[in-house]
Amino acid sequence: MASGGPRVPGRAQTALLLTHTIVVQAVTFMLRPASAYRALELDVPGAWLGVLGASFAVVPLVLAVPSGHAVDRFGERRVALAGSALLAAAGVGFVLLAGSVAGLVVATMLLGTAHLCAVVAQQALVANRTPADRYDAAFGYYTFAASLGQALGPGLIVVFGGDRPIPDTRAIFLGAAALALPLLVAAAFLRPSGHHRAAAGPGAGGMRDLLRQPGLVRALTVSCVVLAAVDITLVYLPALGAERGIAAGSIGLLLGLRAVASMASRLGLGRLVALVGRRALLVGTVALSAAGLALLLPPLPFWAMAVVVTVAGLGLGAGQPLTMSFLAEVAPPGLRGRAMSLRLTGNRLGQVLIPSAAGVLAAGAGAAGVLACTAAGLAGAAVAATGLHRSPPADPETDPD
C-alpha cells in the first residue's frame, strides 16, 4: 500500500508507534498533576480542582466520535500529527496561561484534545495494520506501552520540577513542551493503513452500520465497567485502608502491585489467547477481577490482601486490550477509528457516572460497600462477555510486520 509518506520498515513502525504511545502518555501524566500543583500555588478553592480535572475529560466526551471519524476519513497519521502538535501547544499553553485558573482550564482542555487525537489514531493504527490473528498480542503490547508512559509521567515531575512539596511547575511545563516536539517527527514517519480511502468511498458505512455489528455494544459495556473498576480501586482502596487503620504506605504498595500485575498480564496476552481463546480469557479475567475485589470485603492480613489485589490486577489489566481486539475484529475496515472512539466515549462516561454513583453509595455503605458493588458489576460484565464471539477476519489486506 502506497502511503505517500516516509518509508519505515514494519518492525520499526511498531517500535515507532509504541514509542509515540509512551511519550504521549508520559507527557500527559506529567502535565495533569503539574497543573494541580500550579492551581495549589494560586490558592484556588478545592472545588476548582474538580473543574480542572473535569476540563480534561469533557473534551473526549464531546469530540471522541468526531475524532474517530477524522481518523477514518483522513488517515491515522494526520490525526496523530494533529495530536502531537496539540500536545506541544498544550505545554506552551501551560507556560503562557497558567497564571490564572481560567488559563489552566483552557490549557487542560487543549491537553485533553491532544491526548484524545493521539490515542484514537494510535488505537486505529494498531487495529488497521495488524492481522486479525495477532490483535491480542498487538493490543497487549500497546496497552503495556500506555501503562508504562502513565507510570513514567509522574516521575518526570521530579526530573524537571525537583522534589519540593510544590515543584517548579514552569520548568515542568517547559519540559513537557520540549518532550512533545519530537512526537511530530515520530508521527510524520508513521505509515497510515490506507483504510481511510475506503471510508471515503461510495460504499463506506456510517455510525449506524457500526452500532449494528454483533457484539459491539457488549464489548463497549465490558470495557466501560473494567476501566471504571480500575478508577474505583484507585480511590476506594485507600478509603478502605483508612477505615481499617492500614498505613498509607501499605496501601500504596498494594496499588503498585495492582498496576504491575496489570502490566504483566498484557505482555503475555497473545500466548494466553492462543491457549484458551479470546472470549474465554476475557470472561475468566473479568470474573477473576470480580472475585479479587469481593475477597477484599472481609478483614484480611496484609499478605493475603497483597495476593488478592495482585490477582485482581491481573484480571483488570487484560480487560482493556481484549475488548479492543473484539472491537477491531467486529468493525469493518474504514470504521475502526470510530469503533475505538466509541470505546473511549463509553469509557469516559463510565469514569464519570460509575465513580459518582459509588460516591453516593459510599456515604451509607462505606468503602467496602463500594467495592462490593464494583465486584458485582464486574461479575455482570463477565456474564455479558460470554455473548461475544469471534468473527471471521474482514480485512485480508493487513500489514505483515
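User: Which residues does Leu378 touch, not counting residues up to four places away in sequence?

Analyst: The model is predicted. Leu378 is among the residues with the most contacts inside the largest nonpolar core. Leaving out residues up to four places away in sequence, Leu378 touches Val225, Val226, Ala229, Val286, Ser289, Ala290, Leu293 and Leu316.

User: How many residues does the largest nonpolar core have, and which of them have the most contacts inside it?

Analyst: In soluble globular proteins, nonpolar side chains tend to be buried together. Here the largest nonpolar core has 74 residues. Those with the most contacts inside it are Phe139, Val222, Leu282, Val286 and Leu378.

User: How many residues make up the second, separate core?

Analyst: This second core is separate and includes Val24, Met30, Ala34 and Val95. Its size is 27 residues.

User: Where does Ile354 lie, and is it buried, partly exposed or exposed?

Analyst: Ile354 has its place in helix α14. Leaving aside neighbours within four places in sequence, Ile354 is in contact with Cys224, Ala228, Ile232 and Leu349.

User: What is the C-alpha to C-alpha distance of Ile354 and Ala229?

Analyst: In sequence, Ile354 and Ala229 are 125 residues apart. In space, C-alpha to C-alpha, the two are separated by 8.6 Å.

User: Which residue's backbone oxygen lies 3.1 Å from a polar atom of the side chain of Thr285?

Analyst: Thr285 lies in helix α12, and at 10% relative accessibility Thr285 counts as buried. Not counting residues up to four places away in sequence, Thr285 touches Gly315, Ala318 and Leu322. The backbone oxygen 3.1 Å from the polar side-chain atom of Thr285 belongs to Leu282.

User: Which residue forms a salt bridge with Arg338, and how many residues apart in sequence are the parts that the pair ties together?

Analyst: Arg338 forms a salt bridge with Asp72, and the closest N and O atoms are 2.8 Å apart. Both partners are buried, as the relative accessible area is 7% for Arg338 and 3% for Asp72. Arg338 lies in helix α14 and Asp72 in helix α2 (residues 46-74), so the partner is Asp72 and the parts tied together are 266 residues apart in sequence.

User: Which residues are linked with Arg278 in a network of salt bridges?

Analyst: Glu329 forms a salt bridge with Arg278, with 2.9 Å between the closest N and O atoms. The pair links distant parts of the chain, with Glu329 in helix α13 (residues 302-330) and Arg278 in helix α12 (residues 278-294), 51 residues apart. Both residues of the pair, Glu329 and Arg278, are buried. The residues linked with Arg278 in the network are Asp136 and Glu329.

User: What separates Arg38 and Glu41 along helix α1?

Analyst: Arg38 forms a salt bridge with Glu41, in which the closest N and O atoms are 2.9 Å apart. Arg38 counts as buried at 14% relative accessibility, whereas Glu41 is partly exposed at 38%. Because the two are 3 residues apart in helix α1 (residues 10-41), the separation is about one helical turn.

User: How many salt bridges does the structure hold?

Analyst: Two of the pairs are Arg38 with Glu41 and Arg338 with Asp72. The total held by the structure is 4 salt bridges.

User: How many disulfides does the structure hold?

Analyst: A disulfide is a covalent bond between the sulfur atoms of two cysteines. Among the cysteines, Cys117 is buried, with a relative accessible area of 13%, and Cys373 is partly exposed, with 47%. The number of disulfides in the structure is 0.

User: How many helices and strands does the protein have?

Analyst: From the N terminus on, the elements run α-α-α-α-α-α-α-α-α-α-α-α-α-α. The protein has 14 helices and 0 strands.

User: What percentage of the residues count as buried?

Analyst: The protein has 401 residues. The part of them that counts as buried is 50%.

Note on methods: Residues are numbered from 1 along each chain as its sequence is written. This is a predicted model: local features need pLDDT of at least 70, side-chain atom pairs count only at pLDDT 80 or more; totals for chains, interfaces and linings use all residues. Side-chain values use heavy atoms; hydrogens and water are left out. A nonpolar core is a set of buried Ala, Val, Leu, Ile, Met, Phe, Trp, Tyr and Cys residues joined through side-chain atoms within 4.5 Å. Buried means under 20% relative accessible area, exposed over 50%, partly exposed in between (1.4 Å probe, protein chains only). Contact means heavy atoms within 4.5 Å. A disulfide is a pair of cysteine sulfur atoms within 2.5 Å. A salt bridge is a side-chain nitrogen of Lys or Arg within 4 Å of a carboxyl oxygen of Asp or Glu. Helices (H or I, at least four residues) and strands (E, at least two) are DSSP runs, numbered from the N terminus. A polar contact is a pair of N or O atoms within 3.5 Å; within protein, one must be able to donate a hydrogen and the other to accept it, and residues adjacent in sequence count only if both atoms are side-chain atoms.
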